[in-house]
Amino acid sequence: MSTIFKKIIDKEINADIVYENDTVLAFKDLNPAAPVHILIIPKKEIPTINEISLEDKEILGEMFIVVKEIAEKLKIKNNGYRLVFNCNEDAGQTVFHIHMHLLAGRKLSWPPG
Ligand code: AMP
């Protein structure tokens, strides 16, 4: 089932897009949990990490390359950042289209609560 992220991919609703190519889209999180909070998503609809398959490995690799480019552009690569995938209920996943959270711009506590 399609999610709100599919509507962002299709430009049916607005998002603050920071990066886009044929396979990956990155945009600012609507409710930022840190001064920098960007979501990196594949354009392919994959509900959770549980549904990824070997054929998705290039897409997933590309998501990390995009993170690297964004981290350079936003000058956060030296101070650091955190990447998070939430999967299903216990992790608090709310949008069932896989997405990587890129969080930065403040000290991030560990372990998560
Ligand atoms: P998760 O809880 O891991 O599923 O994360 C979903 C994230 O999507 C949350 O941090 C939301 O704030 C964010 N979000 C939901 N709708 C939008 C939207 N329309 N534009 C940007 N971010 C959104």
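## Salt bridges in the model

Asp16 counts as partly exposed, at 44% relative accessibility. Partly exposed lies between buried, which is under 20% relative accessible area, and exposed, which is over 50% (1.4 Å probe, protein chains only).

The structure is a predicted model, in which local features need pLDDT of at least 70 and side-chain atom pairs count only at pLDDT 80 or more, while totals for chains, interfaces and linings use all residues. Residues are numbered from 1 along each chain as its sequence is written, and side-chain values use heavy atoms, with hydrogens and water left out.

A search of the whole structure finds seven salt bridges. In a salt bridge, a side-chain nitrogen of Lys or Arg lies within 4 Å of a carboxyl oxygen of Asp or Glu. The table includes some of them.

| Salt bridge | N to O distance |
|---|---|
| Asp10 and Lys6 | 3.4 Å |
| Lys11 and Glu20 | 3.0 Å |
| Lys28 and Asp16 | 3.7 Å |

Lys11 is partly exposed at 46%, as is Glu20 at 37%.

Asp16 bonds with Lys28 in a salt bridge. Lys28 sits in strand 2 (residues 24-28) and Asp16 in the loop between helix 1 (4-9) and strand 1 (17-20), so the pair ties together parts that are 12 residues apart in sequence. Helices (H or I, at least four residues) and strands (E, at least two) are DSSP runs, numbered from the N terminus. Lys28 is partly exposed, at 45% relative accessibility.
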